[in-house]
2 protein chains.
Amino acid sequence: MSRPAPLSGFPELLPAQRVVEQHVLDVLRRTFELHGFASVETRAVEPLSVLLRKGEIDKEVYVVRRLHADDAGGEDADALALHFDLTVPFARYVTENAGHLQFPFRRYQVQRVWRGERPQEGRYREFLQADIDVVDRDVLAPHHDVEMARVMAAALAALPLPPVRLQVNNRKLVEGFYRGLGLDDDGVGAAMRAVDKLDKIGAEGVSAVLRAAGLDDAQVAACLALAQVRAEDSTLTAQVEALGVTHPLLSEGLAELVAVLDGVADVQGERVRVVADLSVARGLDYYTGTVYETRMEGYESLGSICSGGRYDALATDGRTTYPGVGISLGVTRALVPLLSRGLVTASRGTPAAVVVAVVEEAQRSASDAVAAALRARGVPTEVSPTAAKFGKQIRYADRRGIPFVWFPQEDGGHQVKDIRSGEQVDADPATWTPPEADLRPAVTTSW
Amino acid sequence: MSRPAPLSGFPELLPAQRVVEQHVLDVLRRTFELHGFASVETRAVEPLSVLLRKGEIDKEVYVVRRLHADDAGGEDADALALHFDLTVPFARYVTENAGHLQFPFRRYQVQRVWRGERPQEGRYREFLQADIDVVDRDVLAPHHDVEMARVMAAALAALPLPPVRLQVNNRKLVEGFYRGLGLDDDGVGAAMRAVDKLDKIGAEGVSAVLRAAGLDDAQVAACLALAQVRAEDSTLTAQVEALGVTHPLLSEGLAELVAVLDGVADVQGERVRVVADLSVARGLDYYTGTVYETRMEGYESLGSICSGGRYDALATDGRTTYPGVGISLGVTRALVPLLSRGLVTASRGTPAAVVVAVVEEAQRSASDAVAAALRARGVPTEVSPTAAKFGKQIRYADRRGIPFVWFPQEDGGHQVKDIRSGEQVDADPATWTPPEADLRPAVTTSW
């Protein structure tokens with residue numbers, strides 16, 4: 001048996017990196033719960049038929065089956081597969097449990113998802129997502145589109161990530177614009193797919209694709225002009241109107257997008273800019289209005305780390321439809337590249353703030369009692385695994401970045417040493433606590 | 001599309017049940033971190049070859065593969081499968097990352113695991129486990145066997161579960177006893193497997209199996225007598241010695257087991273009893289010394305909810321061996337039966353403690369500002385989704401169990417109403433906070 005090697009696309013973190021990830025997850029949970037989102041988790045698998053119904057994703061699904069299944073294999077409609085996002089499972093959860101939920105229903109969901117992609121830089125086969133969504137019955141009020149951006153902006157501002165641009169667009173606006181240009185259903189679909197590749201293939205590439213789809217020069221130029229529009233406020237309206245295209249769907253989408261910009265005006269800041277970016281399209285079929293993407297400034301090549309949108313028809317049981325809007329932070333996608341470059345670090349990889357030394361093995365219970373007293377007041381504490389010389393016990397703490405070592409004294413007294421400064425003082429296990437800053441590992445960023 | 005049905009063996013929780021589960025996970029994390037365990041998560045998949053090497057489990061593995069994989073199928077050695085526990089992945093993680101870890105290494109791990117079992121009452125195909133383990137290089141000190149029981153006893157005492165019996169045994173003790181009876185390797189294995197079924201097939205069933213394995217009447221009687229032994233303290237020694245069997249391995253195991261009982265004497269209490277139970281065997285191959293099981297009093301039929309043991313040879317890279325000891329709480333296994341019987345409940349299924357009413361839609365931002373002020377002081381707050389009549393907005397809160405509704409007044413003042421008592425008072429968004437007990441959902445148990 002030799003040392004195992006990592007599996008490409010399945011990232012795992014060392015303990016100090018995991019401390020950073022836990023900090024991120026704690027910030028997300030606190031932000032989401034302060035905004036009244038309830039936690040939901042769904043099973044990891046869905047029927048393959050449910051996943052494939054959502055299109056575009058069939059190559060990326062991992063099918064699961066029992067090793068000694070009775071059937072010889074072959075994917076039937078009841079086969080199970082690992083979920084590739086948290087939106088489709090949530091839509092299924094809502095329809096399945098509608099009778100037990102109160103609408104509008106607000107939930108957050110933090111779980112791993114899996115995609116059977118060919119591994120490449122920045123692509124993961126298993127990764128952690130953190131989603132918020134609001135769904136209602138029949139109709140969902142438009143102010144929730146604003147709320148999603150506000151809540152995620154609050155979370156992003158508090159996270160140990162670089163400053164971000166939260167880019168918003170509206171599918172109705174884009175579709176209405178294309179229809180106003182005279183494109184039919186096929187032309188609208190082709191234009192959406194082409195513009196979605198603007199980042200990758202550039203304006204010339206998009207032009208070529210659009211011409212191949214039958215658009216004339218004026219239509220191509222208008223599509224590209226729309227995709228150039230950026231705005232942080234209601235000046236958006238004038239910019240779009242200047243393009244000279246009119247359509248009822250365009251007006252509806254534009255009004256919705258301006259409402260989002262107006263609604264986030266007071267959360268614009270150094271850490272988060274919310275920007276209307278009319279090139280944002282989002283690949284997934286099921287979005288019907290507002291769409292979101294997010295890029296970290298200076299790390300745009302990592303792609304969108306936080307995406308979502310409004311889906312008015314995803315969740316339905318045939319009689320009732322549950323329209324929703326949501327946004328999903330790619331925790332792994334945003335964090336792992338920063339962790340592997342050493343740009344976000346934790347001061348230690350263990351929660352322990354104190355190691356209680358053991359004088360001799362027969363007196364371990366005395367050290368256990370000190371540890372119990374410290375823990376009772378919320379101080380994470382380890383007892384030294386050996387009764388080695390004190391120098392060795394201090395090195396045990398030092399190698400782990402644990403700041404304090406506690407020494408039971410022969411006379412029944414106690415001393416505690418800050419091993420960074422070397423300062424050693426008398427202390428009482430019933431009252432001593434470390435400074436607040438040392439109580440848990442500190443997370444530090446550098447960009 | 002009709003309403004989807006649940007998948008047998010893949011439990012999902014409603015929001016108020018999830019509040020209870022989150023409370024359980026919070027207690028576990030706090031307890032484990034106070035004892036200096038670092039959080040680790042591993043990927044959900046392992047090479048099938050790694051999982052099968054551990055034996056006994058091959059029928060229960062879920063294999064995963066890409067829907068459109070290039071190979072036509074067929075399980076080769078590099079096929080991936082979902083992990084069935086957290087011990088085997090952790091052992092792999094330790095050998096893979098040994099150069100980056102400090103030993104002894106203490107970690108906790110809370111993740112889902114999957115077993116492709118035929119569904120039946122109390123058996124899950126996907127479930128949540130919470131593990132603690134300590135591993136060292138070459139040799140792991142015996143006091144860690146005591147520590148595992150102490151830490152898990154502290155966690156169990158704080159959890160919303162019925163009182164538990166944490167049952168401890170020692171494989172060396174049992175094997176030494178069987179060898180002292182004159183059994184050979186085959187006889188020892190057969191006796192271990194037979195006694196492990198005592199719960200299910202009773203003493204007569206075990207006797208029959210043992211006789212079929214070639215044991216004589218005296219040997220059978222001695223095996224059954226050993227399995228009857230129970231003790232909470234060092235009276236264990238006299239009970240075992242009274243059976244008149246001697247063997248060096250028996251003496252070694254007995255001393256280790258007595259050390260565990262001595263080491264937990266001060267944590268024995270109403271909520272948790274730690275008991276030497278010499279019928280406990282544990283199915284998994286890899287345990288080599290101390291073994292743990294745990295049963296909830298009054299719910300013994302649910303089986304062991306918290307199990308583990310010492311594994312001296314599980315983690316090795318060929319040159320170095322990393323002996324470990326650990327214990328795993330089956331969160332789903334313990335909690336879901338209690339939740340579905342309504343024995344553990346949360347006071348509400350949302351974190352929100354306050355709903356801020358909206359006077360009219362055009363004044364939503366005034367209500368947003370109140371909510372922001374409350375959230376800044378840690379009060380989970382929703383803004384009403386509609387500007388309906390106040391009676392309807394109060395019902396919105398009432399149906400969700402949210403205790404307070406906040407009313408911005410026409411004169412610019414504010415009032416807050418406790419909708420349980422009906423009491424409504426003037427309040428300042430910059431200073432008001434709800435009583436501590438209302439700040440988060442309360443978890444209540446009844447047995």
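This is a predicted model: local features need pLDDT of at least 70, side-chain atom pairs count only at pLDDT 80 or more; totals for chains, interfaces and linings use all residues.
Residues are numbered from 1 along each chain, and chains are lettered from A in the order written. Local features need pLDDT of at least 70, side-chain atom pairs count only at pLDDT 80 or more, totals for chains, interfaces and linings use all residues, and side-chain values use heavy atoms, without hydrogens and water.

Visitor: How many residues of chain B are in contact with chain A?
Guide: Contact means heavy atoms within 4.5 Å. Chain A brings 91 residues. Chain B brings 92 residues.

Visitor: What area is buried between chain A and chain B?
Guide: Interface size is often given as the accessible area lost when the parts come together. Here that loss is taken with a 1.4 Å probe and summed over both parts. Carbon and sulfur atoms give 52% of the area. The value is about 8,100 Å².

Visitor: Which residue does A:Asp26 meet in a salt bridge?
Guide: A salt bridge puts a side-chain nitrogen of Lys or Arg within 4 Å of a carboxyl oxygen of Asp or Glu. The count between chain A and chain B is 10. In one of them, at 2.9 Å from N to O, the partner of A:Asp26 is B:Arg29.

Methods. Buried area is the accessible area (1.4 Å probe) that two parts lose on being put together, summed over both.
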